[in-house]
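Subject: Structure handover

Hello,

Please find the structure below, followed by notes on what was found in it.

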Amino acid sequence: MFGVLKRKPLDKLMEVLGKGKVNTSLVERRLYSYDATPIPIQRALPSAVIFPESHEDVVKLVSVCYEEGIPMFPRGAGSGLTGGAVPTVEKGVVVSFERMNHFDVNVDNATAEVQPGVITAQFQEYVEKLGLFYPPDPSSFKYSTLGGNIAENAGGPRCLKYGVTREYVLGLSAVIKDGLSIKTGNPVIKDVAGYDITKLLVGSEGTLGLITSATLKLIPKPRARATVLALFDKLEDVGKAVTKIFTSGVFPSALEFMDADAIKAVEDYKPVGLPKVEALLLIEVDGSHQSVQEDIRIIEELLRPMGVEIRTAKNREEEEKLWSARKSLGPALGNLKSGKINEDIVIPRIYLSEAIPKFREVAQRYNLLMVIFGHIGDGNLHVNFLYDKANREEEERAERAVDEVFELALRYNGSITGEHGVGLTKRKFLRWQFGDAGYELLKGIKLLFDPKNLFNPGKVLED
Ligand SMILES: Cc1cc2nc3c(=O)[nH]c(=O)nc-3n(C[C@H](O)[C@H](O)[C@H](O)COP(=O)(O)OP(=O)(O)OC[C@H]3O[C@@H](n4cnc5c(N)ncnc54)[C@H](O)[C@@H]3O)c2cc1C
């Protein structure tokens, strides 16, 4: 549809941006044609990789691309799992935001102005030293960028209590069709003027425009935090325990689930001494020193009578060990089989006890190894089907099993994705979730921001 990019438009890009910001070397183009998506996806070698250094650079870049009909594929750290940052047509250019990595914190207003290329962990560490807190914590936080997090509306364990990235974005600057600059929102908590374009752009996966800066909300850093490990002999008790915790007045800052296969995968990959049990919950509580102690006592009193063993991390080192086990699950599964389809469906918490055994039935019916883990507190589960990459027949079985998992999630009034986004890999399921009328509305919104379909074409919506 787009063909191959001629030399002339590339020269034009070099002319307006400067040669140092437009890289056409084969090595660089290859390197930037991948992201972390674990399954085979449509991929093309881009014509160039562009490294803007300012909002003005992005305006110039989009103006030329819009004039010349050049598709743009925005990219943060490339840690996305659904092909969001991957170029799909040769005529396209990858726009890497790695050089736009500055931020300013306003301590008194508890807000920050950030550029998209800032690494999430570096920002979090900085604000915590100032007594502030930026909670969104995707497991990829050590290398993913704030721009990528915003474009994906990323979440993580702590989003259970504190909300996902969208809750923390007060405003944005972006460049849309024809190189038009837009500024949305303000550094204030309350702002109900007009339609909420900020919230619309968060999670738009680079399909509506290029985000060049964001105003983020910060909150006070909790004074104390503790992690509890709850060990289960019966899988079906996990859902009951989660309900008990949430009806007890305790609001955990994170509540993560691992089944027996997930525990084994971690112990085989990077052993931390997790015991062999049917399932475990990793529970984090935060607040004041007193409230944290009180919360732990309540959790113990609730779960011990169910026959659940409780262990509390004694110090920061033990806590970090437990959380590193949870966060290393993604790579750990790579040790079990060469192929993996990792989905991140969401179902309302009340249906968890009923739904998890149903997912197991799907795996048994398709004769597949399945590992479940994830953010059970907010119903966001990572259902992983593992297969041998050399075995096409097994891979096809895994693809059919995933279709059934999505159908189940939607039947329970859930979502096809809680944090990884739609990208390329879940496009076909989006219409299932939105229905025909809702899907047409999505297409209308895309047309308004990007009438030539040049921002991340082929992502989220089917061409
Ligand atoms: C091991 C591992 C664990 C993970 N755990 C989690 C998790 O717990 N929670 C979670 O939510 N995700 C998780 N992810 C997925 C991924 O890390 C997140 O989606 C993250 O937000 C992507 O950030 P990135 O900087 O790598 O963006 P990229 O992957 O480079 O891009 C992601 C999307 O954002 C778009 N984009 C990037 N920058 C801009 C911009 N400036 N303007 C417009 N669009 C832009 C891209 O086009 C793409 O569509 C995990 C990934 C890995 C590999």
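The C-alpha centres of domain 1 and domain 3 lie 42 Å apart. The protein chain as a whole is divided into domain 1 (7-98), domain 2 (103-220), domain 3 (224-330) and domain 4 (337-411), with bounds that come from an automatic or database domain assignment. Residues are numbered from 1 along each chain as its sequence is written. The model is predicted: local features need pLDDT of at least 70, side-chain atom pairs count only at pLDDT 80 or more, and totals for chains, interfaces and linings use all residues.

Overall form

The protein chain has 15 helices and 18 strands; these are DSSP runs numbered from the N terminus, with helices being H or I of at least four residues and strands E of at least two. Its radius of gyration, taken over C-alpha atoms, is 23 Å, close to the 23 Å that the globule rule gives for 463 residues, so the chain is as compact as a globular protein of that length. That rule is 2.2 Å times the number of residues to the power 0.38. Along the principal axes, the C-alpha trace spans about 70 × 60 × 40 Å. Of the 463 residues, 46% count as buried, that is, 20 or more other C-beta atoms, placed from the backbone, lie within 10 Å of the residue's own.

Ligand shell

There are 36 residues around the ligand, and Gly-76, Gly-80, Gly-84, Gly-148 and Gly-206 come nearest. A residue is near if its C-beta atom, placed from the backbone, lies within 6 Å. The elements giving two or more residues to this shell are β3 (72-75), α5 (146-152) and β10 (210-217). Of these, α5 gives the most, with 5 residues. Domain 1 and domain 2 each supply at least three residues. By type, the shell divides into 12 nonpolar, 18 polar and 6 charged residues. Here Ala, Val, Leu, Ile, Met, Phe, Trp, Tyr, Cys and Pro count as nonpolar, Asp, Glu, Lys and Arg as charged, and the others, Gly among them, as polar.

A four-stranded sheet

Strand β3 also belongs to an open sheet of 4 strands, in the order β1-β2-β4-β3 and with mixed pairing. Two strands pair if DSSP finds at least two bridges between them. β1 (22-23) and β3 are at the edges with a single partner strand each, so one side of each is left without a neighbour in the sheet. β2 (residues 48-50) and β4 (residues 93-96) pair in the parallel sense over 3 bridges, and Ile-50 stands opposite Val-95 in β4.

Regards

Methods:
A residue is buried if 20 or more other C-beta atoms lie within 10 Å of its own, exposed if 12 or fewer, and partly exposed in between; C-beta atoms are placed from the backbone.
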